[in-house]
Amino acid sequence: MKEHKGANSFISERQTVVTIGTFDGVHAGHRKIIERLVNSAHANNLDSVVLTFFPHPRMVLQKESGIQLINTIDERKQLLEQTGIDHLVIHPFTHQFSRLTALEFVRDILVNKLKAKKIIIGYDHRFGRNRTADIDDLKNFGEEFGFEVEEISQQDVEQVAVSSTKIRNALLEGRVERANMYLQHPFTLTGTIVKGRGIGKELGFPTANLEVKEEYKLIPKNGVYVIRTVIDGEQVYGMMNIGTNPTVGGKEKTIESYFFDIDKDLYGKQLQIELLVRIRDEKKFGSVNDLKLAMKQDQAFSRQYIKDNYDK
């Protein structure tokens, strides 16, 4: 997969099949569209192109909405690379870009820059200034500029019964297993391990404090989760607490992980941590000993869950 920072930097010797969207989560519905894109490109000796945008349009046009995204842009790139597409175009979404008319977007971006011979798009896709143009307008432009439009029907879209909004809601409710089912891959948190308060070590559970720098990244509901990651090429399991650690007087929200069967200095490491299942809510215990007991129970649950589901 070749990555292009905007349509202006796109280069391809062949004409293309293009699909357009934000693709947050790269979930089952997105994958169905992209599979159709890749197959169509192969069948017609064309290059497959995913045109996506960053920042998310709502982060620019509706700043007050405070949208939280399933993926950081780097996570989205990583997931899209796995789909077999030829080109990923990440076009900067700005106020100026949002003012392009439908004609300007189609003519200047899709046809002149991306060499579109075919566009695969959902039945409800809208585009152009104030999102006034629809699929019928795109088909009319296709006749004018010589590209085909393949419409993904309402029935096809609804058969998947999944959306980025449903996934976000599931994560905010702590239903990470449901979110992972929709995504068809585990939800991840990516960040750097930084120094924390060191309280986990005092409790006998030395934790790694994950700092996620992207403020737009969705953080799931507070609580304790079973997790998996790769450290120095080795797959490692553990448990994660998202919350404020109220039992020990915590105030700020942290993401702390305790990894099983590993004794390494993790400070400064970049980790991508998969959340597998949620164990329980975060709660304020009556004493530190009660907290320790709960953490031992969390560990026992986690190890059994891993044994039942992953130690095959």
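This report walks through selected features of a predicted model.

## The annotated domain

UniProt places a feature named "domain: Riboflavin kinase" at residues 182-307, in an unreviewed entry. Over that stretch the chain is 21% helix and 38% strand.

Strand S2 covers residues 16-20. The strand is mostly covered, with five of its five residues buried. Thr-16, Val-18 and Ile-20 point one way from S2. Val-17 and Thr-19 point the other way.

S2 pairs with S3 in the parallel sense, over five bridges. Within this pairing, Val-17 stands opposite Ser-48 in S3. Between the two strands the chain passes through helix H1, residues 28-43. This β-α-β crossover is right-handed.

S2 is also joined to strand S5, residues 116-122, by three bridges. These two strands run parallel as well. Here Val-17 stands opposite Lys-118.

## Asp-47 in strand S3

Asp-47 belongs to strand S3, which spans residues 47-54. Is this residue buried or exposed? Its relative accessible area is 10%, so Asp-47 is buried; the cut-off for buried is under 20%.

Which residues does Asp-47 contact, leaving aside neighbours within four places in sequence? They are Ser-12, Arg-14, Gln-15, Thr-16, Val-17, Ala-41, Asp-86 and His-87. Thr-16 and Val-17 in this list are also among the buried residues of S2. Asn-309, by contrast, is 39 Å from Asp-47, C-alpha to C-alpha. In sequence the two are 262 residues apart.

His-30 is found in helix H1. Its relative accessibility is 11%, so His-30 counts as buried. Beyond residues up to four places away in sequence, His-30 touches Phe-23, Asp-24, Gly-25 and Ser-164.

Helix H3 spans residues 73-81. Its buried residues are Ile-73, Glu-75, Arg-76, Lys-77, Leu-79 and Leu-80. What covers them? The cover includes helix H1 and strand S3. It also includes strands S1 (2-4), S4 (87-92), S7 (187-194) and S12 (270-280).

## Aromatic rings

A search of the whole structure finds 12 aromatic pairs. Tyr-237 and Tyr-310 have ring centres 5.7 Å apart and planes at 40°, so the pair is tilted. Tyr-237 lies in strand S10, residues 234-243. Tyr-310 lies in the segment after helix H11, residues 288-309. The pair therefore ties together parts that are 73 residues apart in sequence. Tyr-237 is buried, at 13% relative accessible area, whereas Tyr-310 is partly exposed, at 30%.

Elsewhere, ring pairs build a cluster. Its members are Phe-53, Phe-93, Phe-97, Phe-105 and Phe-127.

Most residues other than glycine have a negative phi, and most peptide bonds are trans.

The peptide bond between Phe-54 and Pro-55 is cis, with omega about 0°. Pro-55 lies in the loop between S3 and helix H2, residues 57-61.

Asn-45 is not a glycine, yet has a positive phi of about 55°. Asn-45 lies in the loop between H1 and S3. How accessible is Asn-45? Its relative accessibility is 54%, so Asn-45 counts as exposed.

Arg-131 is not a glycine either, and has a positive phi of about 50°. Arg-131 is found in the loop between S5 and helix H6, residues 135-145. At 52% relative accessibility, Arg-131 also counts as exposed.

Methods
Residues are numbered from 1 along each chain as its sequence is written. This is a predicted model: local features need pLDDT of at least 70, side-chain atom pairs count only at pLDDT 80 or more; totals for chains, interfaces and linings use all residues. Side-chain values use heavy atoms; hydrogens and water are left out. UniProt positions are given in the numbering used here, feature names are shortened, and annotations may be inferred rather than shown by experiment. Helices (H or I, at least four residues) and strands (E, at least two) are DSSP runs, numbered from the N terminus. Buried means under 20% relative accessible area, exposed over 50%, partly exposed in between (1.4 Å probe, protein chains only). Contact means heavy atoms within 4.5 Å. Two strands pair if DSSP finds at least two bridges between them. A crossover is right-handed if, with the strands pointing away from the viewer, the path from the first strand over the helix to the second runs clockwise. Rings of Phe, Tyr and Trp (its six-membered ring) pair if their centres lie within 6.5 Å; planes under 30 degrees apart count as stacked, over 60 as edge-to-face and the rest as tilted.
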